[in-house]
Each structure stands twice: as C-alpha cells, then as structure tokens.
Amino acid sequence: VCFEVGDESTMINQMFSCARCGVFVHKNCYGVKSIPLGSWFCDMCAPLAPPVGAKAGRRPQRPPIGSTNTHSCVLCPVSGGALKPTVADDGTASSWVHIACALWHPRVEIGDVKSMGEIRNVGA
C-alpha cells in the first residue's frame with residue numbers, strides 16, 4: 001500500500017511493526033512523530049498496550065495471527081492492515097480506514113497529514 005521503495009527511502013522513512021498485532025508501517029506513511037526506542041503500538045492496539053513503566057523485560061504476549069487488528073476498512077472489504085480511526089461530525093472516533101484508501105477516495109479528508117489523523121467524510 002505504500003509507495004516507498006528502495007534503500008534510500010527506507011533510511012529516511014524507517015519501517016517498523018506493532019508489538020501487538022505485527023502490522024508493518026513506514027514512519028511518515030502512518031504518521032508516527034518519532035522513531036520508537038522500545039515497543040511501538042499501532043493506533044488500534046495502543047489502547048491495549050501495557051502501561052508506561054511496566055516491568056522491564058516482559059513483552060506482551062503476541063496473540064495468534066488474526067486475533068487482533070481485525071477491524072475492516074469502511075472504504076474497502078479488507079480487514080486488518082495499517083488502519084487509522086476516522087472522526088465523526090461530533091468529533092468522536094467512529095470507524096477505521098486504511099491510509100491508502102483514505103488517500104485515494106475523493107470525498108475523504110485527512111485533517112492532519114503529519115499524524116495522518118483526523119480522517120473525515122468516510123460516509124460511515
């Protein structure tokens with residue numbers, strides 16, 4: 001889904017994975033402000049992450065593939081992947097979309113391109 005290719009682009013736009021669901025993302029494509037020093041969690045898994053300062057050396061158990069990050073994109077039929085929350089008209093999170101789907105859909109707006117957040121007008 002990303003259009004980043006080649007060694008140079010990966011050095012500038014480093015790729016890493018969620019410590020819980022294993023989804024791989026590029027730093028800039030997913031809107032991550034800084035490269036994580038420890039475990040990193042995608043937007044979907046962040047609420048399930050262990051609290052900051054949790055016992056060192058203990059990694060959260062990775063659940064079996066398919067048991068997390070199973071939400072579907074409201075703009076396509078694919079489950080899982082690099083999903084971001086959408087924002088309803090009242091400002092609350094309402095559903096999930098792939099960043100690539102949001103970028104290609106003509107009605108959808110990404111309000112904050114640095115964080116790839118505040119995704120609106122998904123029609124769900």
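By partly exposed I mean a residue whose relative accessible area lies between the 20% under which we call it buried and the 50% over which we call it exposed. Ser39 falls in that class, because its relative accessibility is 44%. Keep that scale in mind for the other residues I name.

The mean pLDDT of the chain is 78, and 73% of the residues reach 70 or more. Helix H3 has the highest confidence, with a mean of 92, while helix H1, residues 7–12, has the lowest, with a mean of 60. Then there is the stretch at residues 56–67, where pLDDT stays under 50. The model has nine contacts beyond four places in sequence for those residues. Where pLDDT is low, the predicted coordinates should not be read in detail.

Now the overall layout. The chain holds three helices and six strands, and along the sequence they come in the order α-β-β-α-β-β-α-β-β. Of the 124 residues, 34% count as buried. The accessible surface is about 8100 Å², and carbon and sulfur atoms account for 57% of that. As for contacts with a separation of 6 or more, 39% are between residues 24 or more positions apart.

Next, the interior. In soluble globular proteins, nonpolar side chains tend to be buried together. Here the largest nonpolar core has 24 residues, and those touching the most other members are Cys18, Tyr30, Trp40, Cys42, Val97, Ala102 and Ile119. Two elements give two or more residues to this core: strand E4, residues 93–98, and helix H3, residues 99–104. H3 gives the most, with three residues.

Which residues does Val97 touch, leaving out those up to four places away in sequence? They are Cys73, Val74, Leu75, Ala82, Leu83, Lys84, Thr86, Ala102, Ile119 and Val122.

Val122 sits in the segment after strand E6, residues 117–120. Is Val122 buried or exposed? Val122 counts as buried because its relative accessibility is 8%, and the cut-off is under 20%. Beyond four places in sequence, Val122 touches Val74, Leu75, Thr86, Ser95, Val97, Arg107 and Val108. Take Thr86 from that set: Val122 and Thr86 are 36 residues apart in sequence, yet their C-alpha atoms are 7.5 Å apart.

Staying with E6, its partner is strand E5, residues 109–112, and the two pair in the antiparallel sense over three bridges. E5 and E6 form a hairpin with four residues between them, and Met116 in the turn has a positive phi of about 55°.

Lys27 lies in helix H2, residues 27–30. With a relative accessible area of 15%, Lys27 is buried, because the value is under 20%. Lys27 touches Asn13, Gln14, Phe16, Val32, Lys33, Ser34 and Ile35, again not counting residues up to four places away in sequence.

Back to Ser39, then. Ser39 is in the loop between H2 and strand E3, residues 83–87. Between the C-alpha atoms of Ser39 and Arg20 the distance is 8.9 Å, with 19 residues of separation in sequence.

Notes. Residues are numbered from 1 along each chain as its sequence is written. This is a predicted model: local features need pLDDT of at least 70, side-chain atom pairs count only at pLDDT 80 or more; totals for chains, interfaces and linings use all residues. Side-chain values use heavy atoms; hydrogens and water are left out. A nonpolar core is a set of buried Ala, Val, Leu, Ile, Met, Phe, Trp, Tyr and Cys residues joined through side-chain atoms within 4.5 Å. Buried means under 20% relative accessible area, exposed over 50%, partly exposed in between (1.4 Å probe, protein chains only). Contact means heavy atoms within 4.5 Å. Accessible areas come from the Shrake-Rupley method with a 1.4 Å probe; for residues, only the protein chains shown count as cover. Two strands pair if DSSP finds at least two bridges between them. pLDDT is the predictor's confidence in each residue, from 0 to 100.
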